[in-house]
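Hi there,

Here is the structure I promised to pass on. Please have a look, and then read my notes below.

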Amino acid sequence: GYFLALLLFARLGSPGFGSLTSIPTNFLLKDQWHFGPGAVSVFALLTGIPYYFGLFLGMMRDRWQPFGGRDRVYLLGLPVAICLLFASLRIIPLKYASLLGVMLLATAMGVLLQTAIQGLMASAANHHRVAGKMAVVFSASFYVPTIIGSYAGGWLTERASPEAIFLLTGLILLPVLP
């Protein structure tokens, strides 16, 4: 349950498919900024770059342990950093370049956060010999945020500004803090 909750908050709060920002961002690009399908696809392609290099981000996490704190440092720092990035969209003008930059950085940090959680899951699975149960938790962590994020993102898009939704998304990550 602990790891499912961690992954649920991490996936809802990190940009990408199934997150709370997915539908509001598409709505902002298509309906408010009047971007065509090609431009929306390019935005998704660009903000997905950290996922394409997720293997290397995971290897970087394995090799670089800031302050010697291992995954705990990532669980302490990354949710706060992503939250601050999303909060910055309330201060700086919300334009294509600022949105792209924030989403790209937040996605990279979200991938690092998820790899740190997966590292903890692997350690716990090995220690308690529950690899099968952890695999089920990991699988569920893909579907549940997609269902919640799709519905909640659409509901919020009708009721709140994009900046407020981005701030709320950043705040959703704070329960990940140990």
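**Helix packing around H7**

The axes of H7 and helix H8 (residues 131-159) cross at roughly 155° and come within 9 Å, which makes H7 roughly antiparallel to H8 (over 145 degrees; 65 to 115 would be roughly perpendicular, under 35 roughly parallel and the rest oblique). Gln118, Met121, Ala124 and Ala125 of H7 meet Ala131, Met134, Val137 and Phe138 of H8, contact meaning heavy atoms within 4.5 Å. These residues divide into seven nonpolar, one polar and no charged.

A word on the source: this is a predicted model, with pLDDT of at least 70 needed for local features and 80 or more for side-chain atom pairs, while totals for chains, interfaces and linings use all residues. Residues are numbered from 1 along each chain as its sequence is written, and side-chain values use heavy atoms, leaving out hydrogens and water.

Helix H5 (residues 54-63) also packs on H7 (residues 96-128), at an angle of about 60° with the axes 9 Å apart. That makes H5 oblique to H7. Gly54, Leu57, Gly58, Met60 and Arg61 of H5 make the contact with Ala108, Val111, Leu112, Thr115, Ala116 and Gly119 of H7. Here the division is six nonpolar, four polar and one charged.

Finally, take a look at Pro50, in helix H4 (residues 49-52). Pro50 counts as buried because its relative accessibility is 7% (buried is under 20%, exposed over 50%, partly exposed in between, with a 1.4 Å probe and protein chains only). Leaving aside residues up to four places away in sequence, Pro50 touches Leu57, Leu104, Thr107, Ala108 and Val111.

Best wishes

Definitions and conventions: Axes are lines fitted to C-alpha atoms, for helices over the stretch in contact, and angles run from 0 to 180 degrees between N-to-C directions. Helices (H or I, at least four residues) and strands (E, at least two) are DSSP runs, numbered from the N terminus. Ala, Val, Leu, Ile, Met, Phe, Trp, Tyr, Cys and Pro count as nonpolar, Asp, Glu, Lys and Arg as charged, and the others, Gly among them, as polar.
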